[in-house]
Amino acid sequence: MGRDVGANGAALLEVEGLRKSVGSQEILRGVSFDVPRGRLAVLLGPSGSGKSTLLRCVNGLETFDRGRVRVGEVVVETTPGNGAAAREAAVREVRRRTGMVFQQWNLFPHLTALGNVALAPRVVKGVPRAEADERAAALLRKVGLADKAGSFPSQLSGGQQQRVAIARALAMEPEVMLYDEPTSALDPALVAEVLGVMRALKDEGLTQVVVTHEMRFAREAADEVLFLAAGELAERAPAADFFANPRDPRAREFLGRAS
Ligand SMILES: Nc1ncnc2c1ncn2[C@@H]1O[C@H](COP(=O)(O)OP(=O)(O)OP(=O)(O)O)[C@@H](O)[C@H]1O
Ligand SMILES: [Mg+2]
């Protein structure tokens, strides 16, 4: 399998031995995978298998007990002696390099589409207003919403709002985009426009990890499938192989139910 190699000879995103328990329940039991630059990985698995928890651990919204997350050359790990302050700084840096899009897009209702996209670059990065607005307009064009820059969220469809949310995440210039069921709250008619944006971003070479129930999208757009079951990575395979010939019995059962 060909591999795009990052500056330090490894994939852009790497997760190693990730473990997390809540109380006595082990939610993640030592998950390892990597995603080369420019690839789209789809994360599949039954409800409760730990998909959301895994994404949230990767981008620092949740802590983990053991293991290591690397984005580019930034590493968050649980090595004893790795001080809390250093770890906090690494988590912040990882969060800066990863954009996250959720099922519910939660745009700021009092800001226009343009205002939503331009806000974080202005507030967090100090980008001057004119420049932030110009870049926001370009991002809205990219997600097919050039004509909606002045619309408020309440004036947009769910699919349009979700595309604004993607543009908003892209405005911070992440190296990796993480999506947790980005189309699950949408009317079926609006799903395709959001999937189309992720396909276009893939064509541009953005690295993406997508939790989704859209099996056709997974089959057509993913380079690789990561199949999670009960907190373990039960199978990892090129998408074509996974769908043609799932090896893990739980993956076979999952696909049987999904089709
Ligand atoms: N903060 C928490 N406290 C207690 N249990 C949690 C917490 N977060 C997640 N869990 C448990 O961890 C397991 C994995 O949850 P998670 O939401 O990551 O699964 P999922 O694969 O995203 O499921 P779904 O497909 O339904 O979204 C579940 O058993 C869930 O109940
Ligand atoms: Mg989930």
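Which residues are exposed on the other side of α9? In this predicted model, local features need pLDDT of at least 70 and side-chain atom pairs count only at pLDDT 80 or more, whereas totals for chains, interfaces and linings use all residues. Residues are numbered from 1 along each chain as its sequence is written, chains are lettered from A and ligands numbered from 1 in the order in which they are written, and side-chain values use heavy atoms, with hydrogens and water left out.

Helix α9 spans residues 249-258, and Ala251, Phe254 and Leu255 are buried in it. Buried here means under 20% relative accessible area, exposed over 50%, and partly exposed in between, with a 1.4 Å probe and protein chains only. Helices (H or I, at least four residues) and strands (E, at least two) are DSSP runs numbered from the N terminus. Viewed down the axis of α9, the buried residues fall within an arc of 95°, so they line one face of the helix; the arc is that of the directions from the helix axis to the C-beta atoms. An α-helix has 3.6 residues a turn, so residues three or four places apart point the same way. Pro249 and Arg257 are the exposed residues on the other side of α9 that the opening question asks for. The buried residues of α9 pack against β3 (40-44), α7 (215-221), β9 (224-229), β10 (232-238) and α8 (239-244).

Ligand 1 comes next. Its surrounding residues (those with a heavy atom within 4 Å) are Val22, Gln25, Ile27, Pro46, Ser47, Gly48, Ser49, Gly50, Lys51, Ser52, Thr53 and Glu181. This shell divides into three nonpolar, seven polar and two charged residues, where Ala, Val, Leu, Ile, Met, Phe, Trp, Tyr, Cys and Pro count as nonpolar, Asp, Glu, Lys and Arg as charged, and the others, Gly among them, as polar. Both β2 (25-35) and α1 (51-58) supply at least two residues of the shell, and the largest share, three residues, comes from α1. Oxygen atoms of ligand 1 lie 2.8 Å from a backbone N or O atom of glycine 48, 2.7 Å from an N or O atom in the side chain of lysine 51 and 2.5 Å from a polar side-chain atom of threonine 53. The protein covers 60% of the 640 Å² of accessible area that ligand 1 has on its own, as given by the Shrake-Rupley method with a 1.4 Å probe.

Lysine 20 sits in strand β1 (residues 13-22) and is buried, with a relative accessible area of 9%. Its side chain makes a polar contact of 3.5 Å with that of glutamate 62. Such a contact is a pair of N or O atoms within 3.5 Å; within protein, one must be able to donate a hydrogen and the other to accept it, and residues adjacent in sequence count only if both atoms are side-chain atoms. A polar atom of the lysine 20 side chain also lies 2.8 Å from the backbone oxygen of threonine 63.

Leucine 114 belongs to helix α3 (residues 113-125). Beyond its neighbours within four places in sequence, leucine 114 is in contact (heavy atoms within 4.5 Å) with Asp133, Ala136, Ala137, Leu140 and Ala149. Alanine 146, in the loop between α4 (129-142) and α5 (158-170), is partly exposed at 48% relative accessible area.
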